[in-house]
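Morning, everyone. I have one structure to show you today.

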Amino acid sequence: MRRDLRSSSVILKAAAQLLLPLLLLLSLFLLLRGHHEPGGGFIGGLVAASAIALHLFATDMRSARGVLRVDPRSLMGVGLLVALLAGIVGPLTGGPLLAGRWVDLTVPILGELHLGTPILFDVGVYLVVVGSVLTFVLTLAETGEG
Amino acid sequence: MSLLVALPFLIPMVAGSVSLLAWPSRRAQRAIAVVGTAGQLIAAVVLLVVVWNDGIQVLAAGAWPAPYGITLATDLLSALMVLMTGITGFAAALYSLPTISSRMERNGYYPLMHMLLAGVAGVFLTTDLFNLYVWFEILLLASFALLAMGQERAQMAGALKYVVLNLFSSAMFLSALGLLYGLAGTLNMADLAVKLPALDDGGRVTLVSMLFMLAFSIKAASFPLFFWLPASYHTAPVAVSALFAGLLTKVGVYSLYRTFTLVFTEDVPWTHGWLQVSAGFTMVVGALGALAQTDIRRTFAFLHVSQIGYMLMGLALFTPIALAAGVFYFAHHIIMKSNLFFLSGVIYRLGGSYRRDELGGLWTARPWLSLVFLVPALSLCGIPPLSGFWGKLLIVRAGVDAGSGWLLAAVLVTSVLTLLAVMRIWADVFWKAAPQDRPVRRAPLPVMLWVVTVGLAAGTLWIGFTVEPLWALAERASAQLLDPSAYIEAVLSPELP
Amino acid sequence: MSADPWLVLLIGGLYSCAFYMMLRRSLTKTLFGLVLLSNAANLLIFVAAGVTIGRPALVPDGLQAPEGLVADPLAQAFILTAIVIGFGVLAFAVVLIRRAHEVLDVDDFDELKDAEQ
């Protein structure tokens, strides 16, 4: 198994190097687009996770973990907490659980922003998906090497 | 405050995610486990008090009214079940502290335990069949991982059967959901209860309900699809098998109780007739299986199957007293059975085996522990005045009222067989002299094991000696199940802010 | 609104293949059976809820509700959720069967019996 991973082709390696930043950008685009149009945290998270998995196939375990810098399991934890936070905003402001709340912000450069709890929830989902898919993939790859 | 309804699963979710973040520190994870499960228990107690005083509590997530939004609701049955989840979860967390290996702790034991508890509480609180499916899968995924965690031969073999049968049951559940949605256009249980009687469907709903019954029966481990349970429960670490024994099959039984009182009451003689058959066979076959075992945990697992039969019988007879007896049995059984699994772990610590023939001498070496063991064991057999006696008495009375002779015969046969199985454990493990090569260990037991087992035994004694509070609760819960109009109204027209 | 007969036949085919695979003694084939079964169930929801072609339930700009007859978005949400869950659970099952194969070195349910004790 280990040999298979190492002897991956030059083409895959070169392509993975190029694709990784592009796919991560695409995943962010999908995440943000999900606010009002098809897209969202789940599909965005899957794209990000598969980008890192592709990197793993092209190179090795350590550099795939290096791309992440954090333990995927903590990503799951943070993501769950963020999603729960989005749900709790409702009750904190006198509404029911998961009630949508929005604020309008004016940020220099970006202009007028219409931000709400759904996007926060989606960010949480994004992190959970990236974390859990990578935990699975890395665990599988590690048992394969062991 | 409507958020209260969601707290029993929000608290373990928060605890689970914080526990994931605290991954490197085992001490932090253990502290979170105790605090998180205690929090769930407290929330459950408050919820039960509120439901008892103020009636059914409803939470419409995001202020989207049912049937369009996700609605959570608790009647007394739900609240009681959530309380039992809290008790079992807290007990399992305490028991885990001195018993779970550091390897399992590093592999994510505590986050998975929180996930399991959140899933179980979610099942008890949801009003929507599809959400029921989602909560089921959450708790199943956690239970798969907990079961397979040790990675020993027996665990892998047990886990495989458990996983395959439960995945099959989930697929059947999902198929049934699809068909029901096609027929009724909704999956909110209160909405279904209103719409299904108006549907001129020529028995198709009853047909779909049988598919639901199949799916839930696998999860409840009732005859003939129970064999995954004795194959897997005894392979897990003790705290895990106690947690499973307390809760996992109960979610299946609870789902049957909920759906076959609220939604599928179109053809009661037919559907509940099948439940009666299943209940009778589950009792007898489980008890017979228990007699054939030498491993005490396997014996308890088979007796567990047998008692699922009693709970099903309460639902199958479908009279007020039968349902109340079933609910009573539910509550008593969770406390008693998880305690027996905890105690079998203690026995293993002392005797170094789970096999009856390799154990012995516990009565002379550990008289106090033996007395603690006697409480749930005699309660399991139904010896007065312990909780099991009242549970059985009430079920027998319900059977007499309903004039169901052969089910009564099954109950009586099962009682004798259960007594026999338990007395064999007592005679071999406690009375028989310890084998020469395996003397009972003298080392003191960790305090937590005493706290958990004595605490749960006290619970069993309390239910037994003051029957009235739990029986009153069960009767009111049964009345709510048989006349679901209050539940339906609460779910379909909640007060929105 | 009647369902496309080909889709119905396809679902039936998937279910029967799934059951056939699950009845085999081999662990790996059982796993394939489960994969097929979860796909069959998803397709069943899709068809049971009614197939509406080419009309996604999206609200056009400037309107309060989608125009005309649209596909039922709830069934699609069910399927999406079921796919996500199925993916997670089956991924776990793959890992488990792989580990079981390493630990037990069997691919046959009958041989599991001895390992259980």
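Predicted model: local features only at pLDDT ≥ 70, side-chain atom pairs only at ≥ 80, totals over all residues.

Now take chain C. The average pLDDT there is 84, and 93% of the residues score at least 70. Which helix of chain C has the lowest mean pLDDT? It's H4, residues 109–115, with 69. The highest mean in chain C belongs to H1, residues 5–22, at 93.

Next, the helix pair. Look at chain B. Helix H5 covers residues 109–125, and helix H6 covers residues 129–148. Their axes lie 8 Å apart, and the packing angle is about 155°. An angle over 145 counts as roughly antiparallel, so that is what H5(B) is to H6(B). The crossing is left-handed. Who meets whom? On the H5(B) side, the residues include B:Leu112, B:Met115 and B:Val123. On the H6(B) side, they include B:Trp135, B:Phe136 and B:Leu146. By class, this contact has 14 nonpolar residues, 3 polar and no charged ones.

Last, chain B against chain C. Here 27 residues of chain B are in contact with 29 residues of chain C. Which helices of chain B each supply at least two residues to that side? H6 and H7, the latter being residues 153–184. H7(B) gives the largest share, 19 residues. What are the classes on chain B's side? They divide into 20 nonpolar, 5 polar and 2 charged.

That's my tour. Questions, please.

Terms used
Residues numbered from 1 in each chain as written. Chains lettered and ligands numbered in written order. Axes fitted to C-alpha atoms, helices over the stretch in contact; angles between N-to-C directions. Helix = DSSP H or I, 4+ residues; strand = E, 2+ residues; numbered from the N terminus. Parallel < 35°, antiparallel > 145°, perpendicular 65-115°, else oblique. Left-handed = near helix turned anticlockwise from the far one by under 90°. Contact = placed C-beta atoms within 7 Å. Nonpolar A, V, L, I, M, F, W, Y, C, P; charged D, E, K, R; others polar. pLDDT = per-residue confidence, 0-100.
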